[in-house]
Amino acid sequence: MTDQLLSQKNILLCITGGIAAYKAADLCSKLVQAGAHVDVVMTEAATRFVAPLTFSALSGRAARVDMWTEAGGQPIPHVQMAAAADLVIVAPLSANTLAKLALGLADNLLTSTLLATHVPWVLAPAMESHMWSNAITQAHATSLAARGALLVGPGEGRLASGALGVGRMAEPVEILAAARAVFARGGPLAGRHVVVTAGGTQEPLDPVRYITNASSGKMGVALAEVARDLGADVTLVHAPLAMPVPYGVDGVRVYTARQMCDAVLDRLPQTEILIGAAAVADFRPAEAASQKIKKTPGQEALTVRLVRNPDILGEVATRRAQTGLPAVVVGFAAETQDLLANAAAKLAAKRLDIIVANDVTEPGSGFGADDNRVTLLFADGRQEALPLMGKREVAWRVLQAAAALGGRTRQEAEAS
Ligand code: CTP
């Protein structure tokens, strides 16, 4: 799938001296794979860690270090590169260059180019913890953020010195997500609050056992990521997931259907679009034993009585009838038979705007798979059968359909 946000964008990737410069090679590769045009500028110190040739090979364009070498007929490269850029990424950003940027110094190609840009900066600091926590560095970081720079990290972990602490450069995927977040500003869902549920709820039998299902949470995570990329403020209410909550998404971890229901209902007054992608257990053990259930000699069977869980989207429909929020509610129907008829019945029963019908018996589609073949059913009777596609692409189609239905902003709802 083409990367709608990064494809064809001109990214100026700046690399300063630090061991994390090796990770910038991965970042450069990921940007190129996403379809971006990447110009690389390095400081002299950065070239001590990774050769410019590495970045020239990955980007397909000559990496630049020197202000004074005329390259490709461009006598003033910093002005030309600054004018062409849609976004600047500095990764890793050393304490030294961070200070220079905050002060507006222009003493090498990298700092001169950045001073000449008028596009957003994504900065990924990387340094020893004491340098990062130093009040001088903190003041410079605050001043850059106040001027609109987006700082990603640094994270906590093992540093070049071997010590553990804060100062580790954010991972390339996080920096990439931050770059997407910048391009997402002003997207079709900008200023809208989207809540997505994901994962299979866990219903405890005793302190060490629970009933759950085969949901991986991949579809819900893809929805949260794409909603973020369309500019929304996103909350992901999720049962335990096999993957991390995406960068820039507010994760709310729950275990049981009742916890998920409470978390969703609590947020309803702020939710404009709700997407129920979680596989919610319809039943839970009537009692969760306080101690581990032990088998007794000769015991051949164990009977567990299950009781109904709340229907989260059903509860949402009741509240929505009074408040009008969320403006758009999307559900999923994972079926093993009579896909469209069952999905249409759920669409009506849960008073949804859209239901995403998914035959989970189809190989390569549904639970745990990377792809999905779904049909969108709309409350007005329209149906849209989509071909087998990646879950991110399905998410894109679902969110575009939801956005097209509208979705009042909170302020609009409160004013009415
Ligand atoms: N859902 C929910 N609360 C539940 C069960 C499901 O909000 N207790 C939501 C799911 O997140 C999904 C939709 O309802 O968006 C359909 O879920 P599904 O389990 O397929 O439908 P059920 O209503 O549970 O019907 P059944 O299990 O009988 O097929």
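This is a predicted model: local features need pLDDT of at least 70, side-chain atom pairs count only at pLDDT 80 or more; totals for chains, interfaces and linings use all residues.
By class, how many nonpolar, polar and charged residues does the lining of the second largest pocket have? The lining has 11 nonpolar, 1 polar and 10 charged residues, where Ala, Val, Leu, Ile, Met, Phe, Trp, Tyr, Cys and Pro count as nonpolar, Asp, Glu, Lys and Arg as charged, and the others, Gly among them, as polar.

Residues are numbered from 1 along each chain as its sequence is written, and side-chain values use heavy atoms, with hydrogens and water left out.

The C-alpha trace spans about 80 × 55 × 45 Å along its principal axes, and the protein has 15 helices and 21 strands, taken as DSSP runs numbered from the N terminus (helices H or I, at least four residues; strands E, at least two). An automatic or database domain assignment divides the protein into domain 1 (10-183) and domain 2 (188-285 + 304-415). Their centres, taken over C-alpha atoms, are separated by 37 Å, and 6 residues of domain 1 are in contact with 4 residues of domain 2, contact meaning heavy atoms within 4.5 Å.

Of the 416 residues, 49% are buried, that is, under 20% relative accessible area with a 1.4 Å probe and protein chains only. The largest nonpolar core has 37 residues, and Ile-15, Leu-31, Val-40, Phe-55, Ile-89 and Ile-175 are those with the most contacts inside it; such a core is a set of buried Ala, Val, Leu, Ile, Met, Phe, Trp, Tyr and Cys residues joined through side-chain atoms within 4.5 Å. Two or more residues of this core come from each of β1 (10-15), α1 (21-33), β2 (37-42), β3 (87-93), β4 (121-125) and α9 (172-184), and α9 gives the most, with 7 residues. Ile-175, leaving aside its neighbours within four places in sequence, is in contact with Leu-27, Ile-89, Ala-91, Val-122, Ala-124, Met-169 and Ala-170. Apart from this core lies another, of 36 residues, including Val-234, Val-330, Val-356 and Val-374.

Turning to the open spaces, the largest pocket holds about 800 Å³. A pocket here is an open set of points on a 1 Å grid over the protein atoms alone, with protein on both sides within 12 Å along at least five of seven lines, and lining residues have an atom within 4 Å of a point; grid points are joined across faces, edges and corners, and a volume is the space filled by probe spheres set on the points. Of the 41 residues that line the largest pocket, Ala-278, Ala-279, Val-280, Phe-332 and Ala-334 lie nearest its centre. Two or more lining residues come from each of β8 (193-198), α10 (218-229), α12 (312-323), β16 (328-335) and β17 (354-359), with β16 giving the most, 4 residues. The lining has 19 nonpolar, 15 polar and 7 charged residues.

The second largest pocket holds about 580 Å³, and of its 22 lining residues Arg-180, Val-221, Glu-225, Arg-228 and Arg-392 are the closest to its centre. The elements giving two or more residues to this lining are α9, α10 and α14 (391-404). Because domain 1 and domain 2 both give residues to the lining, the second largest pocket lies between them.

Definitions and conventions:
Buried means under 20% relative accessible area, exposed over 50%, partly exposed in between (1.4 Å probe, protein chains only). On a 1 Å grid over the protein atoms alone, a cavity is a set of points where a 1.4 Å probe fits but cannot get out, and a pocket is an open set with protein on both sides within 12 Å along at least five of seven lines; lining residues have an atom within 4 Å of a point.
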